[in-house]
Each structure stands twice: as C-alpha cells, then as structure tokens.
Amino acid sequence: MFEHLISIMIFVPIIAGLVTFVLPLSREAARIVGLAVSVVVVLLGLKLFLSFSGASGSFEFVEYAPINESLGIAYSLGVDGISILVLSAAALLFPMVYLLFQTKAKGYYANLLIVQGAMIGAVAATDMVLFYVFWEVMLLPVFFMIGLYGGPNRLPATIKITIYTIAGSLLMLASIIYLGISYHAQSGEWSFAMTNFSEMSLTGSTATLAFVGFMIAFAIKIPLFPFHTWLPDAYTEAPTATTFVLSAVMAKIGVYGVIRFVVPVFDESFARYALILACSGVIGMMYCGIAALAQKDFKRMLAFSSASHMGIIALGIFCMNIQALTGTLYQIVAHATSTGVLFLLLGIIEERTESRNIDDFGGLAAKAPVFAFFFAVAMLASVGLPGTSGFIGEFLIILGAVKFNPIIAVFAGTTLIIGVCYMLWLFQRVFFEKPSSKLADFSDLSAIEILTILPIVILIVVMGIYPQPFIAKIEPSAERQMAVIQKVQQIADNRIEPLKPGQELKTGDL
Amino acid sequence: MLTTYLFFGLALLAVLGALGLIIFKHPMNGAMSFVVTLISLAGLYALLSAKLIFAIQLIVYAGAIMSLIVFIIMFLNIQEKDLPLDPNRWFYVAGGIIVVGPIAGLLINISRTLPATEVTVFDDGFGSVKEVGQLLFTQWLLPFEIVSILLLVALVGAVVLAGKRGVN
Amino acid sequence: MTHTVTYLGFIPLLPLAGALVLGLMYLSTCQGKQISERIYGILGCVGPVLSFLMAAKVFFALMSLPAQERFLTHKAFTWFAVGDLNVSMGFLADPLSSLMLLFVTFVGSLIHIYSIGYMAGDKNFGKFFAYLNLFLGSMLILVLGDGPVVMFVGWEGVGLCSYLLISFYSDDPENVVAGNKAFIVNRIGDLGFVLGMAFLFWGIGADGFDYLSLKANAHHLTAPIGLTVCLLLFVGATGKSAQIPLYVWLPDAMAGPTPVSALIHAATMVTAGVYMVARFSFIYAHVPVAGEVVAWIGILTALLAAIFAMFQSDIKKILAYSTVSQLGYMFAGVGVAAYSAGIFHVFTHAFFKALLFLGAGSVILALHHQQNIWKMGGLQSKLPITYWTMLIGGLALAGCPPFAGFISKDEILYSALATGHVGIWAIGVLVAGMTAYYTFRMIFVVFHGSPRDQEAYDHAHESPKVMTIPLLILAAGSLFAGSANIPAIFGGHQRVSHWLAPSLVEHHPHGGLGLEILAIGASILAFVIGISIAYRKFTVKVDEPDYQGLYNFCYHKFYVDELYHWVIVAPYQFAGKAISRVLEPYVTDAPVQASGWLYRMCGLAFKVVQVGYVRIYAVYMVIGLSILSLLVSRSLNF
Amino acid sequence: MVTHYLSLSVILFCLGILGVVSRRNVFIVFMSIELMLNAANLGFVALSRLHVNMDGHVLALMVMAVAAAEAALALAVIILLHKHKGNLDTNIFSLLKG
C-alpha cells in the first residue's frame, strides 16, 4: 500500500470532503469526519517523512500513470528534499484546525478537507499540468471558506484574493503551454514533466515572458511585494482556521513552486533577475514589518507579520546559494509552525472575547499563563530566537544573502529588529500591563487545547535545537537544485566554458 | 428558354411578395403578400427539378403554415390602432440596405464563381418522392428521427404555452 | 592538543534543566495551590551550585594540563551542516572560558541564594527562579560555546532572559517598555553579530566554524573582510555591553528586580561583549584599526556614563551608569590589545559590582522599595553589614589601591599608556576620578549624615542572613580578587595574564618602570581627588539638588533618550502609520483597485449598447456580418 | 443558371433581414424569419441541382420541419404575449436592457 502513499494522502481528504458535502451529516459529525481524516493523513505523513531518506536528492515514492499519451500529460507524483518539508507541513498541521475551534457548518469542513488534499497534490505533483490542476483546485475551497464563512467584510476580500490569484494562475497556464510547445519543438515529443522541462535550454524574449508569467503567479501566492495587497484583507476576513491554512501552508506552496519550477526551468532568466527579486523580497519584508507596527487589529497585524516573513523566506531562493536555499526550505516549516500557533491562539482569543482589537486586551499573562507561554514560544520562534525553529532558517538565509549581496543582506538582517519591534509591542499590550475588563472571565487553555498545541510547540523547540535530521533530508536536493543555477551564473560571469550538449553536470566541478 | 422566362417571372413575383411583406402595415396584408413569395418559390423548386420539395412547399408551407399564421392573425382580431407605430421604419430600411449591401454583394459574388450550369428540368427520378425518400430513410435516418422528436417537443411546447389558463 | 570531556555539556544543561522543571512546576500550579517558596528556592539553587562545582572541576582539570594543551572540548551533536557550513553544538573550555565560567557560576550561585531572601513573598517566585536559571544556562552556553554560532545562542538567550526579567513586574507598562527597549536595542547589536558571523564564515569559515579552526585560519582573512568582521562583531558587543551608541537600554533595565540587575546587568551578561572581543582576539589582533575604534568608543562611553552617574538620584541608576562606565574601561582595555587586562577587569568587576547592587538591593528592601538616594541617609547604623560590605565594594569600584578594582583598572590604563594611547589614558584617569566621586557621593548620601525620611528610617532593618552572607562573600572577593593578577612592580606574578595567554593573541607591552609608576601614581591621585570632593560635598547634610540648568541637562542624560525617540522611534512609528494608512491603500494597492475600476468603467460603457430590443441586437449582428463581409470581399478582391 | 437562383436566394434573405430589423410588428418579424428560412431553402435546392445530389433536398425538408416547429411555438408565444400585454410591439419586451 505504501507505494501509493502520496496518492492516498491526496485523495482520502478530497473524497472525504466530497462525501461530506453530499451526505446529510450534522455539523458535529462533519467535524469528526474531518478530524478522523486529518489524523489519518498525519499518520501517513509521519510514515512518509520517516521513510523518506533524502540522501540521494532524487524523487522518492514516485507514482506514474499517463493521462493523455498524445500530449504527454501524466499523473506523476514524487517527493524529494524540496517538497518533503512542505508536504509534511500540509499533512501534519491540520488536526488542530478541527480540534480547537467552535463547530462551524458542514460545508466548511468539507472545504477544509478538499483544500488539504489539493495542497498535498500540488506539492507532490511533478507534472506541470497536474500541478496546475491541483494549484487551481486549492483555490476553490478557499474561495468558499472566506466567501461563506468569513468576517463581515468578507466579500471584497474574497473577490480580491480569488481574482488576483486566478489572474496569476492564468499567466502561469500560458507559460506552461509555452513550455510544452517549446519542448515539442526541441525534442519532437510532447511532455509536461518537470524534469524534461529543466533540461531544455530556453533563450529569447518569449522565454523571459514565460518566466515572468510563472514568477507573477508565484509572487502573488507567496505573496511578494508589491503583489501582497490581497493578503491583509483575506487573512483578516477569513475564518481563523482558514487563515491558518493560508499562512501556514498555502503561501509556502508559492515559495515551493519557485524553487521547484522556476529555478531549474528558467535558470538563466532567474539568475538574471535574481537581484530584482531579492530586492522585492527585502522591501516586502521591511514594508510589511513596519506596517504591522501600526495595526490595531490583532489578526491584521499577524497577517502583515506573516507577509513580512514571507519576504525573507523568498529572499533565500533568490540568493542562489545552498545555505540560503536550505534556509528557505527549513524556514518554510519553521514559519508554518510558529505563525500557525500564533494564528491558532489568536483564534482562541477571538472566539472567547469576540474581539480582535489589540487595545481591548491586556494582562493576559497573569490570567492565562499557559496560553501566554505558548504564545511567547511561537512569538520567539517568529522573531528568530536561537533555540527555536525560526533561528536556523533565518540565519542561513542571512548568511547566504551576505554571499549574494552584502547590501541586501544588511537590509534583510533588519528583520531581526523589525520583527521584535511589533511582536514585543503586541506582547506587551496583550499579555502584560493591567488586566483588561474584556478578559475578566478568560480562562486558561483547557487540557485538550494544551494537548493540541503542545506537539507543535515542542516541534518548534526541537527544530531549533536539533535541526540536523531535517536538514539532512533537504540538503542533497537543494544542492542539486543549486548546481544548475550556479553553473548558469558562472557562465554569465564568463568564468567557465558553457556546457556542451550531453556533458554530464557534476556538483563536484563547481 | 422557357425556363429562363419562367425563372425571371417567378423571381420577380417572389421579390415583390417579399417587399410587400416588409412594407405593408397590416400583418394580414403582409401575410397575403408572403404567400405570393412562397408559391413563386414552389415554382422555382419545380424548375430546379425538386419535385418533392415543390409539392411540400405548396402543401406544408403555403398551405398549412401560412393558413395557421393567417388564422392566428385573424383570431387575434388585430385592429389598426393595435398596430405598433413604426416611425423610424424608413430610416431602418435605408440603413438596413446600406448594412446588408456588402453581405449581399459578397454572397452574390461568391455565387458567381460557381460553374455556369444551365438549369434544365430532369425528367428522371431526380428529386422525386421515391429517390428523396430513400435517401431520407437510409443516410439521413438519425437526423430525421431527431427532427421528429423536435416536432413532438414543439407540439407539446405549443400546447403548454398557448394552453395556459388563469394568467392575466 | 585538545582533550575531549563529556561533562562539559552538563554545565549549561543543569541550569537549563532547572529552568524547565521550575517552569513546568510554575505553569502547572500558578492557577491553583502554590508550591512553597522553599522548594522553588532549593530547586532553583541546585543547578547553579552544581554548575559551579563542575566549573571548578574544569578549572582544575585545565590547571593540571601543560599550558599549551589547556583546551577541553565536547561536541554534543552536529547542530546544522549545509554545504561548507558545519556548525556543531560544541563546547570549549580553555583558560579564557574557564575563568569566565568560574566567576559566572560563582556569582550566579550567590545571587540565586540572595534572591531567596530578596524575592520572598512575591507571587511569581517560581517564575523568577525559572527565568534566573534559564539565564544562567544561556550565559554558560555563551561562555562555553565552541564557535560563534553557539555563542550566539547564549547571546540571544541571555538577551531574552534580560527582557523577561526587566519586565518581570509586568503590570507596570514602564517596566515592559524598558524590557522591550533592552530587547530591541540588543537586537540591533545582534544584527551586527549575525552579519559579522556571516562575513567571517565567507572569509574563513569553510574549514570549520569553531574558534580553534578559525584561529588556525585567521591569517587567510583579507584585510577589508577582517575589518568588516571586527566592526560588525563590535556592533554586537555595543548592544550587549551597552556602549555608545546603544548604551541607552541598560539604565532603563534597572526596572527589573535588584538581583537581576546585579547578575545580568552588572556582573555577567553585559560583559559578554568584552568576552566576545577577547574571544576573537585572533582577528582583532590582525586589524589594529578595529582595535582603535573599540578602544575609543569604550573610553568615550566610560566618560559619558561617568558624567551621567554623577548626577543621578536613583541608587540603581547610579550603579547602572557606573556599570556602563566600567564596561567602557574594559573595551578600552581590549581595544588597545590588552585582552587579559580587559578580561581581568571583567572578573573583578563582577565581584564588586554584584556586591554593590546586592547591597543596594538590601537598602531598597529595607526602605520598602525606595530607590531615591535623596530619601535616604544615615543608614550606616541601621544596616551595618550592608554598609561595610558596600563600602568595600565602593572602594574597589573607585580604585582604592589594594582592592580588586584598582589592580585591574590600573592594568588597563597602564596598557593604554604603554601602547602609546595617551589620549585614552588621560580620559581614563579623568574617569577614574569621576568614578571615585560618584561612588562616594552615593555612599555618603545613603549611609552618612542624618536620615532624610525619618519614618522610612525607623522601619529600616538589616536584611536576613540569606542575603547578607552572599554580601560578605562578595566583599571578600572584592578585597582579594585583585591578588590574582598583581603586577610585577608590586612583586606579583600576573597569574591571570599568564593563565589566559594560551587563549588570547596578545603582546604584552613593555613600557618600562617609569611609565608604570606614572600610571599608578595618576590613578591614585585621581582616586584621592575624587573621594575628597565627594567627602567635602556630601558628608555634611545636603538635600536633593534643584534640577535646573546644566545639572538638569546632565540629570536627563543630555536628552539622548529623547533624541533617539524623536530621531528613530517616532519616525519609525510614523512610517508604520504612513504605510498602513496611506501607502498601502492608495499606492501599493492602487493598481489592483484601478484594474477593478477599469472593469467597472468598461461595463458602464458597454451597458449603453444593451438596449434590450432583440432586433437591435440583430442589427449589431448584421453590422458585424457586414464588416466581416467587407473584409472578406477585400481579401478575395471582389 | 444556378447563379441566378443563388442570387435570388441572397436577395430574399437580405429582404428578410430588412424585415426583422425595420419592423416592430411581431407578426412581420416572424414572417421575415420564415422568409429567410425559405431563402436558405432555395439555396439548398439550387446547389443540389448544381451538383446533381439530393442531399440538399433532404436538408430543405429538415428546414421545413424546423420551420413548422418554430411556427407552432412562435405562434403560441405570440398568443401568450398578446394575452399578457395586449400588444404586438416588439419594443415592449426589453428585459435584457443593461
């Protein structure tokens, strides 16, 4: 059964979601179904993570079945070091969503199930058409979740996120078609497999346009400055569980897409425009980080904080060295855990006090010490304190950025400062100072809530203290990915002769 | 030569009838004028050796459909005052001619590229009931059946629509 | 050359485990029935004391080795390895770190014990000890770390604990703001540290990113990168060790409980910057320019802080500025490449400054949290142990000859003079005089004369034994710690300098006997002048001065805080508001909104066409057909 | 010549268009549509004659059947409309107005 592990992880939630839609279940029953399925996926995900070796840097758990032979479209899945952590995040983080919050409508849980399956599919797909399909399916449940179950201003936010992302996706679709045609022109066969595309040599202005198409699609999803403007609205209006899904996993799939598709396929264009993209990442980090300071709405502040971190995470890709890329891949999960816990705890506050206005809070640390402790751990991970998961990734990214461009690195490093500025101020206003009347009957986390959040909090600490097992799984793949790009860069710098066709590319000779 | 004269005569009648249709104010006059066109067309079909179509044009079109229309017009008892004013009618007609001109020009020009075949009337089976019937029930069987279903649906639909009571 | 010992890892682990246990106990009971303070106190002190014993073991183990082999290492596990970067969670005990280790655990243990008395009755007693243990564990990681990245773990860890403990009384927003300030300012320094590490790695880190490998490769470092690394690391040091321009957080940090001020903000954490510079002596020694910068910033900080200290009214603020000032001395020392002198001053300073803070804590507790010296007076008779121990501490701080502070400070000033930094030496002597003045201004005002607040005076009483015994031990330390490094001129052997030699890259200057006598003479003169002015002014009854004119300007610390607020904080907050209220909705989001608007306008434009009459739609169709026909006609040449 | 027949077919078709476009009386519009159908039929039959192939005849039959169906429905609709609105003006039906 384990050779189809990924397929099971994709389709069990999707089918369960559709069945939940159709069957006349009660809201509680739908929630239990969701919880059960997500626990199953967690177990499968753990199995996948533990049996994934990653030493070779190539794909494991490969599945292949042609869909359309004449066009070379295939149902092909696989997981390597680049996708393993994103996949794990998508698989492992979901049970909390079902456990923590008040019961919502049946359709909500069905949507959550479908979005999980689609996200796992998007991460595991190695065929571009298949990826595109999952990528779009991923958006649909989000549309419904925000549009139907969101906050009071949900409609503009829903329309904004949907149209914005679809606009990007269509550009990507055009680029995918372009790639398919180019491959046909160059090799005489039809294929949409990612590995085939990466072997193509793409030159000329059309290739640059296709690159731009891909980049815009991913930049919107990540989101990269200045394509981030849908994010604050969508994150704020979405139900907290959806915000959690959006920030913890979906944004990461954008980053993942850049690493998986853009870097190997458009290596030349990527190397050429890396500096601009890196600037965009850094500007986004600073811009959103500074904007976070001025927010009055708790959730909106965390949304900006999340966008700010995504800027730094994206920067790691554009630095084009192994340290930064590994840092990004690591930070993807680190940020998923920390921001995830923050959003979950926020959701709990929101449900109990029916307020998100920071000024309404105060003195929570005295009222609910365990709650405050969890929040503090997640906050510290979010600001990158050593000993928490946030540090490793951020350190590696800044380290790589210094190699790439010291000026960028200095600005990227300000994330250390900008992060603490808004976070500490938030912590002060919510957890310290005099207890506020709004929180008069705020009780600490219940045992079940503690048990739900505790694994992630432990994960945050473990990933900070003993990250090597994770890094060992991702590093070989990252190295392969970088080998290509560094070669291109060196060609650009005229340091080495261009490769002749058929010559094997070795990591050693870089 | 006779066929040529006949053609031009019938064509003239058809065009005049059509003109009458779009010019007469009262629909009854228009319908009568349209009948002229239909009968002329039947004649043209005959000239083209389409014997079955000639018959059906006369029986079904000029006969059944037109009497239905005339019957309905009379049934509704349309008075002069009920008729909609068409104040811009001539403007539309003039504009219409300008707009339609290029279309007509194109189509006529295309038709002129066809081979110049003299139209003589066949006296063999071409267009006869038997020949067309065979074609209809062999090669065109499926479309024929579909059309029958269409007619059935139209029948039911007409009953449902027109037979509604209690409205107003 | 290096020896591997596994017990090294336990030294930081013990307090950390203590922190975990205490923290869990606190978290699980803070809502219901409280665990008794006795249990917390004992559990809280176990870790530090055991660490101290193991530190002593390490020290003696090193002693037993030949001088050049005094390197004990323990590599616990590979922390992270990416490409050439290979960072292991490793620990290194060499003469430098063992010295730091020894006094950190020693002072730390004493302050833990003292805190049992000081914090008695506080409802967050358990939390306090958890934080304190966490701090000590982090500090030990900082000291013992075998490479810059591990050091950074401790570095940020102590920063976190500092934040938590400054905002310990979190009900009052002012305390929390002080904590935030400390953390954020430290973070600015940390940015320098991180970037410095990154440059160091790309410079010479590929063959191993721990001190020993870096030291072996240090000669490969090119001059520009070396300078960059040194300056960036020093930025880190200015943050942690409160030097210009990042010193502003330390005085505010006195919002925390007094034992915290003693342990974190006087004896241990704030000296981490000095330790770091000494640790990287193998790079700084190659880049003299960086040393100059360090020395000058250090001595200027010493001067500035001494000026501020002379005008403060809060007993803890006086001590805080005195700490900043003494830290400046230490940087002057390491800046002129006298690393062992700087570290020795760190060592002695830990004793006497911890002593002074704990003494101040004793006074504050006796007067029910009164910190203004102008509300004190004549406490000598009420608090005899506190008085005498603080007097010893004060003499040591002021640089009275046989005491520890004199020997270590003189060593720095002599080194500055001998290496030709006359300017630094002159300022240093001036500051020595000012130090004597402000120290004794404080002691005279607090303990001598007549009480200014009679009621508080009547209720004052000496602190319990658990607090006074640490005072006595530290007083003994302040008296005798100097003897460890008595210079040759007094017939000593400079044992500390020799002990540290294998860890450091330094050249002892030989200025000759004349310079040495000059330096000592000047220091003593400065001390005498300073103390006599203080005696003249403050042993008679004086009241709180008027805060006006120059005095007010100095009292408000040259309005540097306000300057920072208006130059940095306010524009930053303004930028936040500007972005979220103006830039985001009207500029960044504008293209998105504009595209929506465009669609709406297009819709309105096309709405006109939709007249609703079917035949008009037919007209459109026909017009379209017509145009198409024209085009086809043209292309077919009809 | 077949061309003449086709030209006549085009002329009748265009007259049908003119009728649909210029008249508001729903009967006339309807009959104009019928006129266009007839014009098409003439084209079919003429081309059938040209190629001596009877498929055109079959198509013409189909068109007539469709026309019959259309007539039935359209007249039903007209009756209904007349009942509702008491008018035969096409301009009163403008629900599609934007």
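At what angle do helix α1 (residues 10-29) of chain C and helix α2 (residues 37-63) of chain C pack, and how many Å apart are their axes? In this predicted model, the angle is about 175 degrees and the axes lie 8 Å apart. Angles over 145 degrees count as roughly antiparallel, so α1(C) is roughly antiparallel to α2(C).

On the α1(C) side they include F10(C), I11(C), L14(C) and P15(C), along with V21(C) and L22(C). On the α2(C) side, Y40(C), L43(C), V46(C), L50(C) and M54(C) are among them.

| Side of chain C that touches chain D | six residues | two residues | two residues |

The second row belongs to a contact between chains. Ten residues of chain C meet eleven residues of chain D there. Helix α26 (residues 614-636) of chain C gives the most to the chain C side, with five residues.

Chain C also holds an open sheet of three strands, in the order β1-β2-β3, with mixed pairing. Its edge strands are β1 (2-4) and β3 (85-93), and each pairs on one side only. Direction ignored, neighbouring strands are turned by 50 degrees against each other on average. β1(C) pairs with strand β2 (residues 71-82) of chain C in the parallel sense, over three bridges. In β2(C), L72(C) stands opposite H3(C).

Conventions: Residues numbered from 1 in each chain as written. Chains lettered and ligands numbered in written order. Predicted model: local features only at pLDDT ≥ 70, side-chain atom pairs only at ≥ 80, totals over all residues. Axes fitted to C-alpha atoms, helices over the stretch in contact; angles between N-to-C directions. Helix = DSSP H or I, 4+ residues; strand = E, 2+ residues; numbered from the N terminus. Parallel < 35°, antiparallel > 145°, perpendicular 65-115°, else oblique. Contact = placed C-beta atoms within 7 Å. Pairing = 2+ DSSP bridges. Nonpolar A, V, L, I, M, F, W, Y, C, P; charged D, E, K, R; others polar.
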